[in-house]
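These are my notebook entries on a structure that I examined one region at a time. For each entry I wrote down what I looked up and what I found.

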Amino acid sequence: MTGLGKAGKKIGDYTVVSCIGKGRYGVCFLACDPEGKYVVLKRFRPGMWKKNQASNHYEGVVLSGLEHPAVPEWLGVVNNRKGYYFVLEYKEGLTLEKWLFERKKVFTAGDIYRIGSQLFAVLEYLHSRNVVHGDISVANVTDDGEKIALLDFGLARYRDGKEIRFSLDYARAADLLLYLLYSGCPGKGNKPWHEELPLPETQKEFLKKMLETEEQFRDTGEVRRTFEERFRAG
């Protein structure tokens, strides 16, 4: 851990607990506010912050206009000599990436139905606000065994119907579901997913439609309802 993220280090009014993630654009720290409540401090790498000045504001603008239990609350910024940080609500649970690749979890049909239903419910809310998340992945969804949360709105934008479309979120959500489905499959990815995964044709049809570039559904409510109808366990 760097000096900036050393446990016990003060950043504004917050005390760093640990480093919880690193990426191309920056580093995320778990920290405590003055009342002892956990928050996330998202620090941007100076070079990336400077390079992307025109779009750095989007995450804060988008999050400040959202209110949903599966979306981290926007709590503000810290800007000092140590760097520029977004302050976000901390969500419990491990990322699906960690469940898959560190814990080697096999997701049951019930798990997949619960996670998918909640994910599409979040997307239905975001899309009703004209927001496209743009970066749905197993690394950006946490699960505590009961509830999921959708993280990292760094690529979120408002839909324009041309380059920024809801179909981007549909395709990435389908890719996430395929990761979960493969966790219980003995296949090694040597064949196309629709040949390797032992899925009913109705589920394959749904996933194929989700992966299309052009939007294949009237709205995200239809996506959620179709998923729930075709993936309901038992």
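**Entry 1: Ser183**

In which loop is the place of Ser183? I noted first that the model is a predicted one. I found Ser183 in the loop that lies between α5 (166-182) and α6 (193-196).

Next I looked up the surroundings of Ser183. With its neighbours within four places in sequence left aside, Ser183 is in contact with Leu100, Lys105, Val106 and Phe107. For Phe107 I also recorded a distance: the side chain of Ser183 reaches the backbone nitrogen of Phe107 at 2.9 Å.

**Entry 2: Cys185**

I turned to Cys185, which is also found in the loop between α5 and α6. The relative accessibility of Cys185 is 13%, so this residue counts as buried.

Which residues does Cys185 contact, leaving aside its neighbours within four places in sequence? I listed Glu196, Leu197 and Pro198. Pro198 is 13 residues from Cys185 along the chain, and the C-alpha atoms of the two are separated by 8.1 Å.

**Entry 3: the sheet**

I looked up how the strands β7, β9 and β10 are arranged. The three strands form an open sheet in the order β7-β9-β10, with antiparallel pairing. The edge strands are β7 (94-95) and β10 (148-150), each of which pairs on one side only. I reminded myself that strands of a sheet pair through backbone hydrogen bonds, either parallel or antiparallel.

How many bridges join β7 and β9? I counted two, in the antiparallel sense, with β9 covering residues 141-143. Leu94 stands opposite Asp143 in β9.

Helix α4 (residues 109-128) packs on this sheet and touches β9 and β10. The direction of α4 makes about 35° with that of β10.

**Entry 4: helix α4**

I checked the length of α4 against expectation. At 1.5 Å a residue, its 20 residues should span 28 Å, as the expected span uses one less than the number of residues. The end C-alpha atoms of α4 are 28 Å apart, which agrees.

Why can α4 be called largely enclosed by the rest of the structure? I noted that 14 of its 20 residues are buried, and therefore the description holds.

Last, I looked at what comes after the helix. α4 is followed by Asn130, whose phi is positive, near 70°.

Terms used. Residues numbered from 1 in each chain as written. Predicted model: local features only at pLDDT ≥ 70, side-chain atom pairs only at ≥ 80, totals over all residues. Heavy atoms only, no water. Pairing = 2+ DSSP bridges. Helix = DSSP H or I, 4+ residues; strand = E, 2+ residues; numbered from the N terminus. Contact = heavy atoms within 4.5 Å. Axes fitted to C-alpha atoms, helices over the stretch in contact; angles between N-to-C directions. Polar contact = N/O pair within 3.5 Å; in protein donor to acceptor, adjacent residues only side chain to side chain. Buried < 20%, exposed > 50% of the residue type's maximum accessible area, 1.4 Å probe, protein only.
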